[in-house]
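Please keep the sequence and the structure in view while reading.

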Amino acid sequence: MQWLDIGTNLTHASFERDRAAVIERARAAGVAQMLITGASVSSSAAAVQLARTYPRTLYATAGVHPHNAAEFSAEDLPVLRALLSQPEVVAVGECGLDYYRDYSARAAQLQAFEWQLQLAAEAGKPLFLHQRDAHEDFLAVLRNHRRAFAAGVAHCFTAGAAELEAYLELGLSIGVTGWICDERRGGHLASVVGLIPPERLLLETDAPYLLPRDLSAKPKSRRNEPMYLPHIGAAVARARGQSVEECARLTTLHARALFQLPDPP
Ligand SMILES: [Zn+2]
């Protein structure tokens, strides 16, 4: 079985000491390819660097997370544009809106999001989208720029059927994380995940965040790793009433198609 983790934060400091071992463990668990999320201009550059050291296994996204929107200015656009032209970069983001934390002013978040939609149109690459507590504005921006993007993924989807329907209508794919393994916070996801058409369903760990809550042996560090993706896939398969093999096959196939990845080595 082969899996594809569309959301890892492998440049995160918590992987500094054993990054190569983390990647090897993931591959040994069947996670054949991984996307490294860029969250700022500098972390996107780092993600590209790391991806280059694992050809056809690691890929990167390049973009500015809404948390970092305040430090993103027009002067950064050429740098981000250059990163987006690299072959290792397969999506624009993560970008979007986060009104839950409001780490950056909302006006700055909206500006950063609009800029990245323009860059996505130029680059012809899909969007890697983040949204929290900003559903209405997020939808309005995407609907206004419907022609700027051909495809994208609403990453770490944790909402209900209404939001799902709006995203599907926009042509977006849906990224499901280990939230589904958390009975307290993610119980509703079991039914919502069943509503995602197979060609729109993608899996992600969001490592080192979101360690699946129901792992039988949890690491002491509480750090999530891409090797736990099959565990999430098994929960998703259960929720959808499909076999684990079918879930692995389809989510991997569709992730590869969306991000236009070649087969792994
Ligand atoms: Zn996110």
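Strand β5 supplies four residues to the lining of the largest pocket, the largest share. The model described here is a predicted one.

**The largest pocket**

- The volume of the largest pocket is about 900 Å³.
- Its lining comprises 35 residues, and those nearest the centre of the pocket are H65, D98, H130, H155 and D206.
- At least two lining residues come from each of β4, β5, α5 (135-144) and α6 (161-169).

**The largest cavity**

- The structure contains one cavity of 30 Å³ or more.
- The space inside the largest cavity amounts to about 30 Å³.
- The residues that line the largest cavity are P198, L201, R240, Q242, C247, L250 and T251.
- Helix α10 contributes three residues to this lining, which is the largest share.

**The sheet**

- Eight strands make up an open sheet, and their order is β1-β2-β3-β4-β5-β6-β7-β8, with parallel pairing.
- Strand β2 is largely enclosed by the rest of the structure, because six of its six residues are buried.

**How the strands are joined**

- Strands β1 and β2 run parallel and are joined by four bridges. D5 has M34, in β2, as its bridge partner.
- Three bridges connect β2 with β3, and these two strands run parallel. I36 has its bridge partner, A60, in β3.
- Three bridges also connect β5 (residues 127-132) with β6 (residues 152-154), again in a parallel arrangement. The bridge partner of L127 is G152, which belongs to β6.

**Helices and the sheet**

- Helix α2 (residues 41-52) packs on the sheet, where it touches β2 (31-36), β3 (58-62) and β4 (89-98). The direction of α2 makes about 165 degrees with that of β3.
- A right-handed β-α-β unit is made by β1, helix α1 (residues 19-28) and β2.

**Residue Y209**

- Where is Y209 found? Y209 belongs to the loop between β8 and α9 (229-240).
- The relative accessible area of Y209 is 40%, which means that this residue is partly exposed, as the value lies between the 20% limit for buried and the 50% limit for exposed residues.
- Which residues does Y209 contact, leaving aside its neighbours within four places in sequence? The contacts of Y209 are then N9, H12 and N224.
- In sequence, Y209 and V48 are 161 residues apart, and in space the two are 20 Å apart, C-alpha to C-alpha.

Note on methods. Residues are numbered from 1 along each chain as its sequence is written. This is a predicted model: local features need pLDDT of at least 70, side-chain atom pairs count only at pLDDT 80 or more; totals for chains, interfaces and linings use all residues. Side-chain values use heavy atoms; hydrogens and water are left out. Two strands pair if DSSP finds at least two bridges between them. Contact means heavy atoms within 4.5 Å. Axes are lines fitted to C-alpha atoms, for helices over the stretch in contact, and angles run from 0 to 180 degrees between N-to-C directions. Buried means under 20% relative accessible area, exposed over 50%, partly exposed in between (1.4 Å probe, protein chains only). A crossover is right-handed if, with the strands pointing away from the viewer, the path from the first strand over the helix to the second runs clockwise. On a 1 Å grid over the protein atoms alone, a cavity is a set of points where a 1.4 Å probe fits but cannot get out, and a pocket is an open set with protein on both sides within 12 Å along at least five of seven lines; lining residues have an atom within 4 Å of a point. Grid points are joined across faces, edges and corners, and a volume is the space filled by probe spheres set on the points.
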